[in-house]
Amino acid sequence: MVTYRIHGDNIVECERIASIIINTLKPEILSSYLISPSTVTWELHTVFADVSVNWQLELLPGFNKNTKKRWAENIFDSLKDAGGFFDETPDAIISVVDNNGNEQILLGVEFCSALQAGNQAWQRSARAFSTGRTGCPYLYIVDFVKYELDNKTRARKNLRFPNAAVPYSYINYSKKTGNFVAQLYIKSEEFDKYMDSSLVDFDESNFGSQELGVYVVKLMLGMDTTVEKLAILKKSMNVVQFLADHSDNNKNFTSNEWQEIHRLLEEDIVDYAVEKNRFGFHKTIAAKSHHGASADIVQISDKLGIGLASKDLPFGIIASNRRGLFANKISELYPNVDVAIIKQIAQNDKHLIIAIIKGFKPRGDDNRPDRGLLPFASMLSSSDVDVLTYIYGPMLEHNLLLLDHDPFSLANKNGFWRSILSLSNFIILDAPVIAKSKYDVERIYETSTIKKYFMNNGVGNIISPRQAFPCIPMNFGEDDVDTGIHYLFRHILGKYCFEGMCNPPGGDWSGFSVLDGPYENRWLSLPRVSDAISGKRPDHILELFGVFEKPLLLSVESKEKSYELENDVGTKLVLYIKRLMEYIPSAKRKIVPYVEEWKWGDVKVNFDRFETMSAAAYLSKYAEPASYVFKKNCEILFVMNPIINNTKIGWEIEIIPSSYRSKILKEFILDTYSTTGNKQFWFK
């Protein structure tokens with residue numbers, strides 16, 4: 001039996017990958033069990049393309065991140081050793097344990113259920129860029145389409161598409177590096193071309209769900225995946241053209257121009273844009289956000305800049321023959337800067353990409369989506385160009401001091417600065433500095449040495465093998481509580497339970513569902529609120545049948561420690577569901593007698609047709625007396641103790657009810673579990 005591992009941000013990401021594999025293979029024999037309280041394992045046996053498949057899939061939720069040392073080894077160390085120098089990491093990684101006990105990475109995967117518009121469209125480009133540098137294939141799976149909702153009415157706003165340059169940057173990166181890095185589109189619940197005229201001419205054959213599963217399984221089997229890769233890239237290119245057809249062609253490349261760029265052999269998109277010179281580059285900055293000479297920089301870029309794929313992206317091109325004039329303008333704005341750096345900016349042997357970034361929020365912490373801007377520009381160009389990054393947002397003084405005296409240390413401590421320093425040749429700072437006594441800074445840096453260090457470090461298209469580490473975490477936390485609750489209700493009690501939502505740490509808040517009659521009703525783009533009016537978004541919503549006359553919606557808040565539960569959380573958990581049900585679901589589908597396609601929701605779901613109950617789940621190691629926790633107004637408690645010894649592996653759970661109703665629920669869980677034959681949960 002071959003052992004594969006699926007490392008993920010959380011149990012949901014792990015199971016999304018496992019589902020892709022299982023749904024593709026459709027195994028004759030399939031079973032699941034826990035090999036540690038944290039690790040769900042699937043065994044499957046079947047035949048695929050005349051090859052016998054006997055696999056064990058081990059799901060390891062929760063990565064080692066920041067100061068959190070969850071596992072004995074960090075799976076991302078292998079990627080960093082091979083040149084993936086960003087901290088921005090994929091949602092999930094598939095690896096195989098070889099005959100020598102080493103763990104070899106096969107694929108990085110990112111899921112996106114968020115609206116692909118504005119800077120959100122390139123927020124995760126650093127993950128693609130970094131993973132792609134290592135030689136590891138990378139797939140960015142996009143739910144298409146997603147709607148922005150009105151905050152008060154939850155009415156859909158006009159559909160917004162990403163700039164076509166974003167998916168093309170993945171295609172271009174694959175083309176230039178020879179490594180498979182691609183966006184793949186799957187059909188979202190809200191996609192309905194008959195309800196939205198802007199989707200009428202979208203060809204649904206460009207959804208790549210079928211190629212996705214076959215590609216992943218073939219990759220795991222070591223088969224040739226050329227057919228699937230070409231199909232995925234072709235479909236992605238078709239989406240690029242669709243997006244181009246739905247944009248302003250006076251400010252963006254047309255569909256035909258994208259085809260011309262895609263066919264280029266010697267030149268690339270930067271050369272093409274300079275030769276065409278069809279539109280300029282303009283960075284829009286709100287009047288209140290301007291600082292120092294930023295307005296002059298915008299004016300200079302308007303006169304000298306050329307749009308790279310689009311006029312509206314926050315980066316553009318200063319053609320090589322205009323670099324001297326551009327450098328003179330910079331020198332006039334900043335007369336005290338190093339003349340030697342100005343001369344380097346003026347060199348005309350390469351085109352210069354200029355990126356204008358605010359970068360920082362009012363308190364000096366970085367604007368997360370901007371971490372992906374320079375990786376996006378690099379993936380889009382992938383050519384021998386220089387990059388100048390202009391920053392005008394408020395920065396922290398200690399970061400400025402590090403930039404002046406130890407830029408390598410700054411790059412290693414801060415992911416945003418690493419993006420800037422590793423991908424820029426020049427940096428212009430014209431920013432307010434947040435310090436005890438606030439002041440302004442005007443400086444220009446030449447950073448090619450740092451850029452060369454990062455860009456030349458570890459590249460070799462080799463994924464470093466690491467000894468497979470045990471599937472038992474070094475410590476247990478909220479991730480494990482979520483895994484235990486999820487596995488118990490979905491997989492063990494699943495005959496009586498529908499999991500409407502599972503939102504562990506790192507979840508995407510993409511939606512929650514309830515079953516009502518023959519329909520599954522789903523609310524999408526969930527509000528991230530926590531107040532006495534709108535309620536508290538649950539970590540789990542579990543719909544249980546047979547407990548009461550009406551279906552029970554059990555709304556669960558999970559924590560590592562009970563004292564982390566907020567005041568009145570139980571009331572807020574139920575209120576959140578009630579408030580959402582005041583709106584028509586985003587989508588619905590008929591599931592009886594068989595599953596049909598999703599359609600837009602058209603009627604409200606009656607909240608009164610359900611019983612509701614709130615619950616809290618946390619580790620027994622950090623449990624307060626139940627009487628304290630019940631003050632938070634949860635009706636039932638799940639106090640969880642992970643067990644792993646020579647005789648037991650699983651969870652010991654003390655279920656503590658506080659009402660007659662919750663006692664009925666407890667008895668239902670105990671009685672139902674006793675009929676399942678599972679021996680990995682023990683109840684008090």
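Reader: Why is Lys572 called buried?

Author: Buried means under 20% relative accessible area, exposed over 50%, and partly exposed in between, with a 1.4 Å probe and protein chains only. Lys572 has a relative accessible area of 14%, so Lys572 is buried. This is a predicted model, in which local features need pLDDT of at least 70 and side-chain atom pairs count only at pLDDT 80 or more, while totals for chains, interfaces and linings use all residues. Residues are numbered from 1 along each chain as its sequence is written, and side-chain values use heavy atoms, with hydrogens and water left out.

Reader: What makes Lys572 and Glu566 a salt bridge?

Author: A salt bridge is a side-chain nitrogen of Lys or Arg within 4 Å of a carboxyl oxygen of Asp or Glu. The N to O distance between Lys572 and Glu566 is 3.0 Å, so the pair meets that definition. Glu566 has a relative accessible area of 25% and is therefore partly exposed.

Reader: How do you know that Arg522 and Glu189 form a salt bridge, and where in the chain do they lie?

Author: Their side chains meet at 2.9 Å, N to O. The pair links distant parts of the chain, 333 residues apart: Arg522 lies in strand 19, and Glu189 in the loop between strand 8 (181–187) and helix 5 (209–221). Helices (H or I, at least four residues) and strands (E, at least two) are DSSP runs, numbered from the N terminus. Arg522, at 12%, is buried, and Glu189, at 14%, is buried also.

Reader: Why are Glu557 and Lys536 called buried, and what is the distance between their closest N and O atoms?

Author: Relative accessibility is 2% for Glu557, which therefore counts as buried, and 12% for Lys536, which therefore counts as buried. Their closest N and O atoms are 3.2 Å apart in a salt bridge. Glu557 is in strand 23 (residues 552–558) and Lys536 in strand 21 (residues 535–536), so the pair ties together parts 21 residues apart in sequence.

Reader: What makes strand 18 and strand 19 a pair?

Author: Two strands pair if DSSP finds at least two bridges between them. Six bridges join strand 18 to strand 19 (residues 519–524), and the two run antiparallel, so they meet the definition of a pair. Val514 stands opposite Asn521 in strand 19.
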